[in-house]
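Reader: Could you take me through this model feature by feature, giving the general idea before each case?

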Amino acid sequence: MFPTPIQKSPRSWQLTYQSLLPVALIFWLLPLIAVALFSVKPEGDFSGGNYWSLPSSFGGWDNYGKVFFQSDMPRYLMNSLLITIPTAIGAVALSCMAGFALGIYKFKLNLWVFFIFVAGNFVPFQILMVPVRDLTLDMGLYNTKTGLVLFHIAFQTGFCTLFMRNFIKGLPFALIEAARVEGIAEWKIFVYIVLPLMKPAIAALSVLIFTFIWNDYFWAIVLTQGVDSQPVTAGITSFNAQFRAAYHLMSAGAIVAALPPVAMFFLMQKHFIAGLTLGAVK
Amino acid sequence: MSTATVAKSEYESANRSWYKRNEISITPWLFLAPAILFFMVYVIFPIFQSFDVSLYQWDGLGAREYIGTSNYVELWDDPAFYTSLKNNIIWLILYLLAIPAGLFIALFLNQTVTGIRLYKSLFFFPFVISQVVVGLVFTWFYDPTFGLLNTVIGWVGLGPINVLGDPTYVTYGIIAAGLWPQTAYCMILYLTGLNAVDPEQIEAARLDGAKGWKMLWYVIVPQLKPATFIAFVVTIVGALRSFDLISIMTNGGPFGESRVLSFYMFEVALSEYGFRMGYGAAIAVVLFFIMLFFIAYFLYSMYKDEKGH
């Protein structure tokens, strides 16, 4: 193991390390801790100029209550969910199939098709912006959640296919051969043999896509406007315009907007990290 | 037994349908069809359409007017374009700091003490939060009247600095905000990589008297190559995609000094400055070619890898 395990080093360094850990963490998360602190301070602290004192009283209920009951925040959150979940399902479904095709079958264009997915996944959003917005307008889907979902599914398919294909390549090919010898139809091999083995990859991709799409801002402002269809990342700017200079409310709003992916991360940590670091180890 | 099987399969192949006979070559295309369709319509065709749009003058609604390369000629003399390009290069270079910084934190956290898993998760935290929230958090962090940064440097008698209001600091201030989640991402890549480092090699190197920096540079870092490659890819892509932070923190200001190409393109094509789709597309094409240079490198590396197996 590198660096040398702490247990093998002198007692003094062990103690230093143990005390350094929380200090480093607090330092690392300082901007967030500040916002969390702001979000539970009562309004009076700000008008009194006590930005950095401890809260004079606990204003959390009041602040978060206002975010949930006196703003459009719940609607934006709902929109985010209605955009994020169908996207995750769609992109994972498409890429399971595409990954199966590219990971199992040997055909001439295999690597070409694969590389097109990979390359497309890296292009700057701006090169797609004008045509995609135009296409969405033409289909009558501008400013709808559907329009946003369709684009997200298509774009995420690039990354998901890369992921799924590499995962399927790692499966024992003998299983497929054995099934073929038995004369099982190819689509049945997919449904009954490969799909069950892909569960960890499906879980990993679902949480990743959930997070990516929840946090998307660019496409949200390009393809939607207003409270009917905008997700929370875009909504929070109008929220902040509504509560300009009310830092306790803006902080509470920011925390609410950030929370679902954070919760997802902590609940599904293993899958999340497995997904993000796929390929980091050979 | 075996003769029976052969006979049976021969009998079958004569009677099997065309689909059955070609099942293995058709199935992959059937499975690929939906993904290819979506990807073509929303990703591949639009790239070419953008090239086309960049040759027109178009407000996005009315008729297009073909103007040849005029958009590019205008771009050549546009100071805002050069500011954006310069900032893009600064972003690219400084963003790469996330890689050593991530490695450093990963090395710091690669221990087995009580609660270390929670520490690792909490260090990773900034990456999970949307860039919009990171942008807001850092805007308040930099605020000249009450921001934490100025409060702290005020204690030692410095400041206040209005980071986001000062043309010389603004880009660096935003990059620092971007480095926060990006470093967390690189850290998690390296933590995974460190987990897989071969302990025997380390022991052998220790016996040869390697330690500290030498051990890190000659023994550990070479073994982390796959992690470094991914960290490089995601950092370059992240740097060239920087949009959210700029839009939230400064909206390109002050005086357009924090623009990058991705933001400038959006501003030209879709903001109150006017709907100049053609000009925006031309900027996007330039950005695309910068990215293409890296995409080619990524694909080449992947290709070598594929052939190596």
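Author: Let us begin with how a bend is defined: the bend at a residue is the angle between two axes, one fitted to the seven residues ending there and the other to the seven starting there. Helices here are DSSP runs of H or I with at least four residues, strands are runs of E with at least two, and both are numbered from the N terminus. The model is a predicted one, in which local features need pLDDT of at least 70 and side-chain atom pairs count only at pLDDT 80 or more, while totals for chains, interfaces and linings use all residues. Residues are numbered from 1 along each chain as its sequence is written, and chains are lettered from A and ligands numbered from 1 in the order in which they are written.

Reader: Where does α7(B) bend, and which proline follows within four residues?

Author: The bend in α7(B) is about 25 degrees and falls at B:Leu122, with B:Pro126 following within four residues. The expected span of a helix is 1.5 Å times one less than its number of residues. Helix α7 of chain B, residues 116-128, has 13 residues and reaches 19 Å from its first C-alpha to its last, close to the 18 Å expected.

Reader: Which residues of α7(B) are buried, and what do they pack against?

Author: A residue is buried if 20 or more other C-beta atoms lie within 10 Å of its own, exposed if 12 or fewer, and partly exposed in between, with C-beta atoms placed from the backbone. By that count the buried residues of α7(B) are B:Phe123, B:Phe124, B:Phe125, B:Pro126, B:Phe127 and B:Val128. Contact requires the C-beta atoms of two residues, placed from the backbone, to lie within 7 Å. The buried residues of α7(B) pack against α1 (11-28), α11 (199-214) and α14 (247-267) of chain A, together with α6 (98-109), α8 (131-142) and α10 (170-195) of chain B.

Reader: How should I read α13(B), and which of its residues are buried?

Author: An α-helix has 3.6 residues a turn, so residues three or four places apart point the same way. Helix α13 of chain B, residues 225-241, has 17 residues and reaches 24 Å from its first C-alpha to its last, close to the 24 Å expected. Its buried residues are B:Ala227, B:Ile230, B:Ala231, B:Thr235, B:Ile236, B:Ala239, B:Leu240 and B:Arg241. The cover over the buried residues of α13(B) includes α5 (79-95), α6, α10, α15 and α16 (277-308) of chain B.

Reader: How many residues does each chain give to the contact between chains A and B?

Author: The contact takes 76 residues from chain A and 81 residues from chain B. On the side of chain A that touches chain B, helix α6 of chain A (residues 110-122) gives the most, with 9 residues. Ala, Val, Leu, Ile, Met, Phe, Trp, Tyr, Cys and Pro count as nonpolar, Asp, Glu, Lys and Arg as charged, and the others, Gly among them, as polar. The side of chain A that touches chain B divides into 61 nonpolar, 13 polar and 2 charged residues.

Reader: What is the secondary structure of chain A, and why is chain A described as spread out?

Author: Chain A has 15 helices and 0 strands. The radius of gyration is taken over C-alpha atoms, and the globule rule is 2.2 Å times the number of residues to the power 0.38. For chain A the radius of gyration is 24 Å, well over the 19 Å that the rule gives for 282 residues, so chain A is more spread out than a compact globule. Of the 282 residues of chain A, 48% count as buried.
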